[in-house]
Amino acid sequence: MSRFTWTAIALAAALAGCAAPRAVPPPLAAAFDEPYVLATGDRLRISVFGQPNLSNSYTVEPDGRIAMPLVGRYEVVNKTPDQVRTGLEAKLKAGFLRDPNVSVEIEGYRPFYILGEVNSAGQYPYVVGMTAQNAVAIASGFSPRAQKDRVELTRRHGDRVYKAEVPLTYPVRPGDTITVQERWF
């Protein structure tokens, strides 16, 4: 091959590393205003008006349920807090209380994880409205070798796991894993 061909191949290979990140898969594309869906590890504050013995904090267990007096084990995973409220009111109305008034609040979110080229990788408490840049700040910032313009985000959606490179302004959700890659130059 000619010298020009080798130069063209080397240039193409070098530019391929500078290509834009792939499109974010739709299930990973989360907006700040999407309704939050509960998952294992979330902590709920459930209040039943006029029933202090039923009002308490409940953690979503590994099987996706909470254990509540009178109701028993109730499935909450993949439901919004409003769906849980409606379901609990129906359960309590079916034989226990005449007209139950239930409120469901998220008391604590499951953590997010950050790995790679940050100063303090690990598990951290989720903060509502956080972006990938906020997550890096919580992990004491980038290490000197970090790629500082994007991160890799891993998110579980139902039974599937999605990975994509996203900008630092991208919203983070509870349970996400953020990986900061090492830069080449």
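**View 1. Contacts of V180 in the predicted model.** Not counting residues up to four places away in sequence, V180 touches I114, L115, G116, E117, V118, V136, F142, A146, Q147 and V151, where contact means heavy atoms within 4.5 Å. This is a predicted model, in which local features need pLDDT of at least 70 and side-chain atom pairs count only at pLDDT 80 or more, whereas totals for chains, interfaces and linings use all residues. Residues are numbered from 1 along each chain as its sequence is written, and side-chain values use heavy atoms, with hydrogens and water left out. In strand β10, T177 and T179 point one way while I178 and V180 point the other way, and all of these residues are buried; buried stands for under 20% relative accessible area, exposed for over 50% and partly exposed for the range in between, with a 1.4 Å probe and protein chains only. Helices (H or I, at least four residues) and strands (E, at least two) are DSSP runs, numbered from the N terminus.

**View 2. The largest nonpolar core.** A nonpolar core is a set of buried Ala, Val, Leu, Ile, Met, Phe, Trp, Tyr and Cys residues joined through side-chain atoms within 4.5 Å. The largest one holds 20 residues, of which F112, I114, V151, I178 and V180 touch the most other members. Two or more residues each come from β6 (112-116), α3 (132-138), β8 (150-157), β9 (160-167) and β10 (177-180), and α3 gives the most, with 3 residues. A second, separate core of 19 residues includes Y58, V76, V84 and L97.

**View 3. The five-stranded mixed sheet.** An open sheet of 5 strands runs in the order β7-β6-β10-β8-β9, with mixed pairing; two strands pair if DSSP finds at least two bridges between them. Because β7 (122-124) and β9 stand at the edges, each with a single partner strand, one side of each is left without a neighbour in the sheet. The twist averages 25° from one strand to the next, with axes being lines fitted to C-alpha atoms (for helices over the stretch in contact) and angles running from 0 to 180 degrees between N-to-C directions. β6 and β10 pair in the parallel sense over 4 bridges, and V180 in β10 is the bridge partner of G116. β8 and β10, by contrast, pair in the antiparallel sense over 3 bridges, and T154 stands opposite T177 in β10.

View 4. In the order β2-β1-β5, 3 strands form an open sheet with antiparallel pairing, in which the edge strands β2 (56-59) and β5 each pair on one side only. The twist here averages 30° from one strand to the next. β1 (residues 43-48) and β5 pair over 6 bridges in the antiparallel sense, and L44 stands opposite I106 in β5. Helix α2 (residues 81-93) packs on this sheet, touching β1 and β5, and the helix direction makes about 135° with that of β5.

View 5. A search of the whole structure finds 3 aromatic pairs; rings of Phe, Tyr and Trp (its six-membered ring) pair if their centres lie within 6.5 Å, and planes under 30 degrees apart count as stacked, over 60 as edge-to-face and the rest as tilted. Y109 and Y126 form an edge-to-face pair, at 5.2 Å centre to centre and 70° between the planes. Y109 lies in the loop between β5 (102-108) and β6 and Y126 in the loop between β7 and α3, so the pair ties together parts that are 17 residues apart in sequence. Y109 is partly exposed, with a relative accessible area of 27%, whereas Y126 is buried, at 13%. Y36, Y109 and Y126 form one aromatic cluster.
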